[in-house]
Amino acid sequence: MGRDILRNIQKDFLVEFRSRFALNVSASFAAIVTIAISLTAGGVPFPVPVQSILLWIVIFFSAMNGLSHIFVREEDQATALFLRISVSVDSIFISKFIFNQVFMVIILAVVTPLFLFFLQVQVQHVAYFIFSIMAGGFSIAAATTILAAMVAKAGGKGSLFTIISFPILLPVLWISISSTSAALSTPPPTGGNLLFLLAFSGFISVISFLLFRFVWLDD
Amino acid sequence: MKVIPTALKSVYLLVPVAIIMAFLWAPPAQVLGDASRILYFHVPLAWVSILAFIVAGIFSIAYLVDKKHTFTGLDEKAYNSAALGLAFTILTVIAGSIWAKISWGVFWNWDPRETSIVIILLIYIAYFSIQGAMASSENRGMVGSAYLILAMVTLPFFAFLVPRIYPSLHPDPIINADRKIFLDDQMRSTLAVAIVSFTMLYCYILHIMNRMMKLKKHIEEIYHDAD
């Protein structure tokens, strides 16, 4: 199983970084939206809560542009059937889950510095800010792995991924916005929000793992 | 076999009784006056919205667990329950916003309970979006059921979160922490009858929808056999 997971991750990275389609789309989207916000604001800094909300809106939609690609590509290129018969369901889920987590880290690494640079964001608690961004990103990637498989099964249609992800990710977005606001404000933040995000990620990952076989395998 | 349909037919009596009690028998509330009568429709509608969601979730779990397909049409029953839930949720939002306008002067203000019902509405919309996108797919039932279960298990996180994010303007719960009931006996019994009648209405319509689904399948089988 371990070897299957590693092989699958390696394959996914090779295929993705050969075309860099999902990465290019997500990064370009993040850059365009961030620059558009900064340009329309005319260089005027936003209040802290607005900065956190905007940051997470950019992260959410950038992620929505790329995270479903991992499964949609398998269906588009007609490799899903081969994957189904050659690799166990659990290995596929774990490998795609890990790929999405790495992909999310890359998106965060692109979006966050851009946002800090263009919107003149002053981070008061750097370590807490990094943990908040990472924990929020981890939760988004954890929840969207199975949702990406569902969208792929539905033919990867347009904005379906965003529509089905939003209700599930709402708690993550709320808490991430709250913890990012805390990191940008002067009073020292508490760790409750980060714990919530980690608990949510763990819970949704386990449920997704259990449900994945019903989504992935044909009836 | 006839026990359930006969019991469900009580809806023909219960709903008119609930309407008469709400408009003619229950006294108006002290502050809101006759406008408070919307309580007897809004609360049962909200209750049925959540009940339909839970029933759809249970049917979905049963559908995924029942690998040998011992029970037929569980996914379609979940779909029917969700369809009813969506209708009741929209009615809850409409009734709630009318009440909010009368009580608070605005149609919408992201009160925790308003937020919760909108989240359920979004989940229903997402569920039907998946179902619509997979209309011709054999895996529609599996994927739809998995989504409903996933959405259902995240609800406790909302229950924990929403009250911490939005301050509530809603009236105190009918039964509060002191276990005291704020409604008088007439109002309380009207609300109870309304909740029971709306629940029976939901069960009745669900039963009809499920029967229609069964008949449709039966007709399709006859049609295919004839071919």
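A:Gln120 is partly exposed, because it has 13 other C-beta atoms within 10 Å, and a residue needs 20 or more to be called buried. A:Gln120 sits in the loop between helix 6 and helix 7 of chain A. Its phi is near 50°, a positive value in a residue other than glycine. Keep in mind that you're looking at a predicted model, which scores ipTM 0.87 and pTM 0.86.

**More loop residues to look at**

- Another positive phi turns up at A:Ala78, near 60°, and this residue isn't glycine either.
- A:Ala78 belongs to the loop between helix 4 and helix 5 of chain A.
- A:Thr79 is in the loop between helix 4 and helix 5 (80-86) of chain A, and with 14 C-beta neighbours inside 10 Å it counts as partly exposed.
- A:Thr79 and A:Ala41 are 38 residues apart in sequence, and their C-alpha atoms are 45 Å apart in space.
- Over in chain B, B:Trp108 is found in the loop between helix 4 (74-104) and helix 5 (112-133).
- B:Trp108 is partly exposed, as it has 13 other C-beta atoms within 10 Å.
- Setting aside neighbours within four places in sequence, B:Trp108 is in contact with B:Ser97, B:Ala100 and B:Glu114.
- From B:Trp108 to B:Ala26 you'd go 82 residues along the chain, and their C-alpha atoms are separated by 27 Å.

**Chain A as a whole**

- Chain A has nine helices and zero strands, so reading along the sequence gives you the pattern α-α-α-α-α-α-α-α-α.
- How does the radius of gyration of chain A fit a compact globule? With 219 residues, such a globule would have a radius near 17 Å, and chain A has 18 Å, which agrees.
- Along its principal axes, the C-alpha trace of chain A spans about 55 × 35 × 30 Å.
- Buried residues make up 48% of the 219 residues in chain A.
- Take the contacts in chain A with a separation of 6 or more: residues 24 or more positions apart account for 86% of them.

**A closer look at helix 3 of chain A**

- Helix 3 of chain A covers residues 48-66, which is 19 residues.
- From first C-alpha to last, helix 3 reaches 28 Å, close to the 27 Å expected at 1.5 Å a residue.
- Its buried residues include A:Leu54, A:Leu55, A:Trp56, A:Val58 and A:Ile59.
- Which helices cover the buried residues of helix 3? The cover includes helix 2 (21-41), helix 4 (69-76), helix 6 (89-118), helix 7 (126-153) and helix 8 (160-184) of chain A.

- Chain B has seven helices and zero strands, running α-α-α-α-α-α-α from the N terminus on.
- Buried residues make up 37% of the 227 residues in chain B.
- Among contacts in chain B between residues at least 6 apart in sequence, 75% join residues at least 24 apart.
- The mean pLDDT of chain B is 83, and 88% of its residues reach 70 or more.
- Watch residues 173-181 of chain B, where pLDDT stays under 50 and the model has five contacts beyond four places in sequence.
- Where pLDDT is low, the predicted coordinates should not be read in detail.

**Where the two chains meet**

- The contact takes 22 residues from chain A and 25 residues from chain B.
- On the chain A side, the elements that give two or more residues are helix 7, helix 8 and helix 9 (192-216).
- Helix 8 of chain A gives the largest share of that side, nine residues.
- By class, the side of chain A that touches chain B has 17 nonpolar, one polar and four charged residues.

**The nonpolar core**

- The largest nonpolar core has 123 residues, and those touching the most other members are A:Met150, A:Val151, A:Val215, B:Ala52, B:Ile130, B:Ala146 and B:Tyr147.
- Helix 7 of chain A gives the most to this core, with 16 residues.
- Not counting residues up to four places away in sequence, B:Tyr147 touches A:Met150, A:Ile164, B:Tyr127 and B:Ile130.

Technical notes: Residues are numbered from 1 along each chain as its sequence is written. Chains are lettered from A and ligands numbered from 1 in the order in which they are written. This is a predicted model: local features need pLDDT of at least 70, side-chain atom pairs count only at pLDDT 80 or more; totals for chains, interfaces and linings use all residues. Helices (H or I, at least four residues) and strands (E, at least two) are DSSP runs, numbered from the N terminus. The expected span of a helix is 1.5 Å times one less than its number of residues. A residue is buried if 20 or more other C-beta atoms lie within 10 Å of its own, exposed if 12 or fewer, and partly exposed in between; C-beta atoms are placed from the backbone. Two residues are in contact if their C-beta atoms, placed from the backbone, lie within 7 Å. The radius of gyration is taken over C-alpha atoms; the globule rule is 2.2 Å times the number of residues to the power 0.38. Ala, Val, Leu, Ile, Met, Phe, Trp, Tyr, Cys and Pro count as nonpolar, Asp, Glu, Lys and Arg as charged, and the others, Gly among them, as polar. A nonpolar core is a set of buried Ala, Val, Leu, Ile, Met, Phe, Trp, Tyr and Cys residues joined through C-beta atoms within 7 Å. pLDDT is the predictor's confidence in each residue, from 0 to 100.
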